[in-house]
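Subject: Structure handover

Hi,

Here is the structure for you to work with. Please open it before you read on.

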Amino acid sequence: IMTNIRSYKVSINTTGGAGVATGEADSVPFAGRILSVEYIPGPTSPPATTDVTAFITRDGDKDTNVETLSTFTNVSTANVKRYPRKEVDDGAGVSLAAANKTNVFAEFTTAHGIHVEVAQSDALSPAAIVEVIVEE
């Protein structure tokens, strides 16, 4: 089976006062397994108080049914890369770790893309860029 590995970037602009500016943005729609998520600071350095959270949009609506993919707290000028995983459940919704006393994890999946929110930044365009690497 041939799979494609692709990169999607989301640029987030922020508005508001110094250290309290916020912003949000959505990726273009995509479907696949998310292999990694990387925070990339905007070209004008955001403050060290900047928080960035990426969410899976379960039904294409950023306000409902979101699942946290990765959170970057108090980031500033350095790139930060993560390889997020979630605990696997059985068909009844019971954690396999609890049932088998093992840790079983899998990549996050999406059929809609991601939603990203930035808080505690300065007013910047963009304040942050989030890149996801996806296996489609």
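Below are my notes on the sheet and on a few backbone details. Bear in mind that this is a predicted model.

The sheet

The sheet is open and has 4 strands, ordered β2-β9-β4-β5. Its pairing is antiparallel. Strands of a sheet pair through backbone hydrogen bonds, either parallel or antiparallel. At the edges sit β2 (21-26) and β5 (66-75), each of which pairs on one side only. From one strand to the next, the twist averages 15°.

Backbone details

Most residues other than glycine have a negative phi, and most peptide bonds are trans.

- Asparagine 74 has a positive phi, near 55°, and is not a glycine.
- Glutamine 120 belongs to strand β9. How exposed is glutamine 120? Its relative accessibility is 36%, so it counts as partly exposed; that class lies between the 20% limit for buried and the 50% limit for exposed.
- Serine 125 and proline 126 are joined by a cis peptide bond, with omega about -5°. Proline 126 is in the loop that links β9 (114-121) and β10 (128-135).

Best regards

Notes. Residues numbered from 1 in each chain as written. Predicted model: local features only at pLDDT ≥ 70, side-chain atom pairs only at ≥ 80, totals over all residues. Heavy atoms only, no water. Pairing = 2+ DSSP bridges. Helix = DSSP H or I, 4+ residues; strand = E, 2+ residues; numbered from the N terminus. Axes fitted to C-alpha atoms, helices over the stretch in contact; angles between N-to-C directions. Buried < 20%, exposed > 50% of the residue type's maximum accessible area, 1.4 Å probe, protein only.
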